[in-house]
Amino acid sequence: MREIAKKPINVKSQMPWVEKYRPKSMKEMALPSAKVEGHRVNLAEELTDFIRSFFKEIKIINDENKKIRAYNRTVSEKEQKEEINLPPEKAAILLEGPPGIGKTSIVYALAHDLNMDVVETNASDTRTKDALEKKLKETVKSRGIMDFMTESKQKLILIDEVDGIYGTKDRGAVPTIVDLIGHTQFPIILCSNEYKQSLQNLYKNIRRFEVHPLPEEEVFKIAQNILKHENISSLTKEDLDLIIKKNMGDLRGVINDLQGISQGSVNMDTKELIMNLHRDNTEEIFTLIRDLFQKVNTLEEARSLTDKSDVDYNFLYKWVNENLPTFLNVNEDIANAYENLSLADEIFGRIRKNQEWSLLPYFYDLFAGGVALSRKRSPPTKGFRRVVFPRYITSGSYSVTGSEKSMIDKINLKYEISQIEAIQDFLPFLRILCTSSRKQLKTVSDWLDLDAKEKKSLK
Amino acid sequence: MTETIPIWRIKYIPTILEEICGRQDIIKNLKEIIKKRNFPHLLFVGSEGIGKTTIARLFAKEFLGRYFAANYKLIYADEPLTEEERNLAKSESYVSTSKIGSIAGKRITTPAFIKVKVKPFVQLKVLGDAPFKILIVKNFEVLGANQQGFRRLMEIYGNNCRMILITTKVSGIIEPIASRCQLFLISQVDFQSFRELILNISQKESLQIDDSVIEVLYNLSEGKISRAIDLLQLCSLNGKNIDLDNLFQNSQKFRIDIVRSLLLLTLNGDFPKARELARKIISNYKYSASELFKLLLEELIKLPLSKYARSKLINLVADADFRALDGMDSDIQISALLSKFCLFSENL
């Protein structure tokens, strides 16, 4: 995405709107509210202060260190003093909040306002020790000749998607970043979606800003602005509300949805279009499911796929269940896959009920590898397949909807019947009866004194 | 009655014991009891939907006469408690510290069902000139171990309130309860009485129906009179003359037939469609996975299959039901069963 943003202006029409409408300066953006240790703070002020004080302090420290170095040259090795470092809470801060609320944007806008360059690393980069060092440490430590010449352009280091550090690929990344914070010559801002136990060492010493999603009215204003800009009038206010509700404060999600809808097929029902849209974080699952069914050939590969994934396994195996028939179409393969998946489900249940955590490895291997590798005769399905959300969430206990409940109450005035009997026996009959003709529907609903909503549920 | 009731099963619901279709011996017994003004706790046993509750209610109504409304209550053991009722049960289980005794300040656990639904009724005194109150508990076997709570209730409050317990499975009733009750086996309605009833309704609704059609209707409805009347009403929408085609066409719409078509879909090896239908059944009828498995099992027994195939398929249903007990996502277990059926059908 960011690659595209750097291209010249004339490709602007093809740019993702998220980049096109990314605010340039903090003045033009809707600032999300933030909290530090439970106290509400002004994010723009805090960030500007942080950068300013950083450069003030680092200058003092550098001068001190210069003196120390000069002193060290004059004395024997034993008497040498150690160079001093900036305390970590002054060198780096962490922005923590749900995706798409403007964490990255605010860093770029801040850099723009203070005339700085952003050096960014995110989850798309490999973040092993070596790679990180290569990319960052040069920037951070270099006090080369160029720095004096271009002193007006300072640098700001953005380590985005910190919580995306996982698995074996990013081994050593956390100590590297900790080390980096200790020796940096430039301010560092880390962004993260959620608190992760494994990153405790990192979080220990730095200030944590909890960034909150924008209020819905704010999102609504921005979305309306964009629609005006793009000359789109086909979306009603209700549609827009639906999109905003669905994204739960994720502004990026809203903008992506808007672009998706405006460029999608026109004849489709707008509502359906909105419901069919998917978000960045689910995109990861989509790819994962496709890879699992179409690319994985060995258990090893299946394992590394689930290992790497950030998706909660609670949900992942439901995704596998939902999409299994899309990718497998020989009955033998389906049955073999389900043999493994159903056993995985049983094991998972036992783990949850009896805390039999020793069974967990089987669970992983069965629902991922066990399913993907159950293809016996047929080759993997080729080409693009649509991955869908797990539609069917079973709660285990039965529940009645509001209109069903009120209808049963009304029926009970005339005909004594229990809820369960009503739902399993009487209501299905009423539905069949009422769909037969409008007249029937009218007489029945008049007799039971049903309101419009209840009437509709009978159709 | 001036208004006409648009739903026949309600329109033709019996209003006095004599109107009950068939089962004259039982009705005679109950009439005797009403004359004697006394009876022990009763236990009604019979298969689903044949009219146990209707009989019990009419009996209570005639027994209590004009004090019926004040002294009668019908509760469903399988109906989940509402949030309010559960909270009520919780708050009442706390014994105040101002009370004397070892349980002061502690929580006592009586089953919430008995606490909020049964006790308040049985503890209240009889109103009017009735010998005692009557409490009907439907689907009593669902209470399981909570039936124990009824033992003492039946003795302590027995003088004040008689109970009629209704169940489809006598094996689900614990021994101490069964021994405290007089057992009534409610049989399915016999064909002759059924025929009279249907002819009677047909006459009132001016329908034409043959004996042969009535016989099929009798078999299709499996002794459930309300279902037979439902079917009859649906058929009447297509014309006044009820014939076999009409009957079969409408019976397709009923749930048990949906389960049958689900089974047939799997035996044709069409997994995606079968899963679609299974989900529809679950969401429309609010069955639990276990209930769906039981319905499948019932249908399996009726299908013309080889001995080997039948036992193999039953084995698969049992396995799925077993796994669903521990599993977290019953949709997976249902899908798994359907997929195995589909595979099995290929080798049939």
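**Exercise 1. Decide whether B:Arg37 is buried or exposed, and say where it sits.**

Solution. Start with the count. In this predicted model, B:Arg37 has 10 C-beta neighbours inside 10 Å, so it counts as exposed. The cut-offs are these: a residue is buried with 20 or more other C-beta atoms within 10 Å of its own, exposed with 12 or fewer, and partly exposed in between, with C-beta atoms placed from the backbone. Next, the place. B:Arg37 lies in the loop between H2 and strand E1 (41-45) of chain B. Helices (H or I, at least four residues) and strands (E, at least two) are DSSP runs, numbered from the N terminus. Last, the backbone. B:Arg37 is not a glycine, yet its phi is positive, near 60°.

A note on reading the names and values: residues are numbered from 1 along each chain as its sequence is written, while chains are lettered from A and ligands numbered from 1 in the order in which they are written. As the model is predicted, local features need pLDDT of at least 70, side-chain atom pairs count only at pLDDT 80 or more, and totals for chains, interfaces and linings use all residues.

**Exercise 2. Describe the surroundings of B:Asp78.**

Solution. B:Asp78 is in the loop between E2 and helix H5 (83-92) of chain B. It has 14 C-beta neighbours inside 10 Å and therefore counts as partly exposed. Now list its contacts (C-beta atoms, placed from the backbone, within 7 Å). Residues up to four places away in sequence are not counted; B:Asp78 then touches A:Ile420, B:Asn139 and B:Val142. Finally, compare sequence with space. B:Asp78 and B:Phe140 are 62 residues apart in sequence, and their C-alpha atoms are 8.0 Å apart.

**Exercise 3. Work out which side of H11(A) its buried residues take.**

Solution. Find the residues. Helix H11 of chain A spans residues 237-247, and A:Leu240, A:Ile243, A:Ile244 and A:Asn247 are buried in it. Then look along the axis. They cover an arc of only 95°, so they lie on the same side of H11(A). The arc is taken from the directions from the helix axis to the C-beta atoms. Now step past the end. A:Met248 follows H11(A), with a positive phi near 45°.

**Exercise 4. Trace the partners of strand E7 (residues 207-211) of chain A.**

Solution. Strands pair if DSSP finds at least two bridges between them. Take strand E1 (residues 34-36) of chain A. It pairs with E7(A) in the antiparallel sense, over three bridges. In E7(A), A:Glu210 is the bridge partner of A:Lys35. Now take strand E3 (residues 92-96) of chain A. Four bridges join E3 to E7(A), and the two run parallel. Here A:Leu95 has A:Phe209 as its bridge partner in E7(A).

**Exercise 5. Find the residues that touch the most other members of the largest nonpolar core.**

Solution. Such a core is a set of buried Ala, Val, Leu, Ile, Met, Phe, Trp, Tyr and Cys residues joined through C-beta atoms within 7 Å. The largest has 69 residues. B:Ala56, B:Ile136, B:Val137, B:Ile164, B:Leu165 and B:Ile166 touch the most other members. Another core, of 60 residues, lies apart from it; among them are A:Leu316, A:Phe327, B:Phe271 and B:Met328.

**Exercise 6. Describe the side of chain B that touches chain A.**

Solution. Count the residues: 40 of chain B are in contact with 37 of chain A. Then name the elements. Those giving two or more residues are strand E2 (72-76), helix H11 (225-236), helix H14 (271-285), helix H16 (307-326) and helix H17 (330-346) of chain B. H17(B) gives the most, with 11 residues.

Technical notes. Contact = placed C-beta atoms within 7 Å.
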